[in-house]
Amino acid sequence: MDDEPTAGVVGGEDEAAELCARAPVGLLAELTHRCPLQCPYCSNPVELEGVKNELSTEEWCSVMRQAGEMGILQVHLSGGEPTARKDLEDIVKAASEAGLYSNLITAAVTLKRDRLENLQKLGLDHVQISFQDVDPEGAEKIGAYPGATQKKLEVARWVTEMGLPLTINAPIHRHNIHNVPRYIDMSVELGAQRLEIAHAQYYGWAFLNRAALIPTYEETLASIDCVEAARERLKGVLTIDMVVPDYYAKRPKPCMGGWGKGFMNITPAGKVLPCHAAESIPELAFDNVRDRKLLDIWMNSDAFNAFRGTDWMKEPCRSCAFKDIDYGGCRCQAMAMTKDPRNTDPACALSPYHNEMVKLAKDEAAKPATAFVYRNPRNAAAALKSKEEPLVPAE
């Protein structure tokens, strides 16, 4: 293998004029930003949407109907914690009736079996559970939620007992990277169909915690070797996807398979984004499903067309042989690291900022980890001290 990990890429040709006419494959529906956990690697924005701004039940059901009419295939029900919505059942039912394959992305700590069974009856197709660590103490420190690991294991077993497909999400960083082999073993034991080894991506709140989270280059390579060996060993038993830290890559991955190419994201307040972190680009204005139809936004909005295809590119991307494959990489990372979203993603070895970014990562990883910055430090400290469940943010 090469000295450096290469971020995954998806092939394709430069068809900017036609991309908008193709339905996105997937829709990420962020139903709420409310969450019982306080994970420092959270990729949600620094400023979260309040409950008063959330789309109503009927507005989310309308989104599901519009998505089905567009030809979207999958909807990922996320947050925050989507089970914090009391109307989750109505939204799942609407998704099913619209012909969408629904995936519930949950922390699982507040989910009860009877509710899960009802969601399945209403059409829920898949469950994805995040495990902050396989060690209960490590998970407790990361998510600031006592007893989380045991509860997640319980819910994961319910999922498989009920015959629902299960994905385990493993957010990886310097505090749990040594447990990648145990994540794999746990996923097999639970009967999961898929495991996502997802190294933290440093956007949103996670960007503030980068120095506390980023693993060393050597640890990252070891985790990749472990996953590759497990993929071969467990072929036909467990599908393992892996997202490596862009900071250690030499080739960038295309943003969501290409900006405005196959994915759209809707925030709790109804803003429609080309990618989860797109709000970090201040020059972009995002349309809202309250004001404009989903299909119209997909085809005609300025934000989706801003970086579609390759015409917007600067050098070295404009003349690069890979421009129709990686589309210049991640626009949000270019913004975070270079202050210009049109620059080449610094994950690319051709970027003038590449060596600077790699050095930054290696220097931070070599130092002792800084303390986690939690969204609600008082709530996190009280929960860890008392071993009581922290409250979901008040409505």
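Analyst: Happy to; we will look at a helix pair, a strand and some annotated cysteines. Keep in mind that this is a predicted model.

User: Let's begin with helices. At what angle do α6 and α7 pack?

Analyst: Helix α6 (residues 148–161) and helix α7 (residues 180–190) pack at about 40°, and their axes are 10 Å apart. Angles under 35 degrees would count as roughly parallel, so this angle makes α6 oblique to α7.

User: Which residues of α6 and α7 meet?

Analyst: From α6 come Leu153, Ala156, Arg157 and Thr160, and from α7 Met186, Glu189 and Leu190. By type, the residues of this contact are four nonpolar, one polar and two charged.

User: Now strands. How should I read the two faces?

Analyst: In a regular strand, side chains alternate between the two faces of the sheet. In strand β7 (residues 239–243), Ile240 and Met242 make up the covered face, while Thr239, Asp241 and Val243 lie on the uncovered one.

User: How many bridges join β6 to β7?

Analyst: Five bridges link β6 (residues 194–199) with β7, and the two strands run parallel. Within this pairing, Ala198 stands opposite Val243 of β7.

User: And which residues does the "binding site" annotation cover?

Analyst: The unreviewed UniProt entry places it on Cys35, Cys39 and Cys42. Cys35 sits in the loop between β1 (26–30) and α2 (57–70), and Cys42 is also in the loop between β1 and α2.

User: Is Cys42 buried or exposed?

Analyst: Buried means under 20% relative accessible area, so Cys42, at 18%, counts as buried. Cys35, at 21%, is partly exposed. Beyond its sequence neighbours up to four places away, Cys42 touches Tyr203, Gly204, Trp205, Ala206 and Arg375.

How values were computed
Residues numbered from 1 in each chain as written. Predicted model: local features only at pLDDT ≥ 70, side-chain atom pairs only at ≥ 80, totals over all residues. Heavy atoms only, no water. Axes fitted to C-alpha atoms, helices over the stretch in contact; angles between N-to-C directions. Helix = DSSP H or I, 4+ residues; strand = E, 2+ residues; numbered from the N terminus. Parallel < 35°, antiparallel > 145°, perpendicular 65-115°, else oblique. Contact = heavy atoms within 4.5 Å. Nonpolar A, V, L, I, M, F, W, Y, C, P; charged D, E, K, R; others polar. Buried < 20%, exposed > 50% of the residue type's maximum accessible area, 1.4 Å probe, protein only. Pairing = 2+ DSSP bridges. UniProt positions renumbered as here; feature names shortened; annotations may be inferred.
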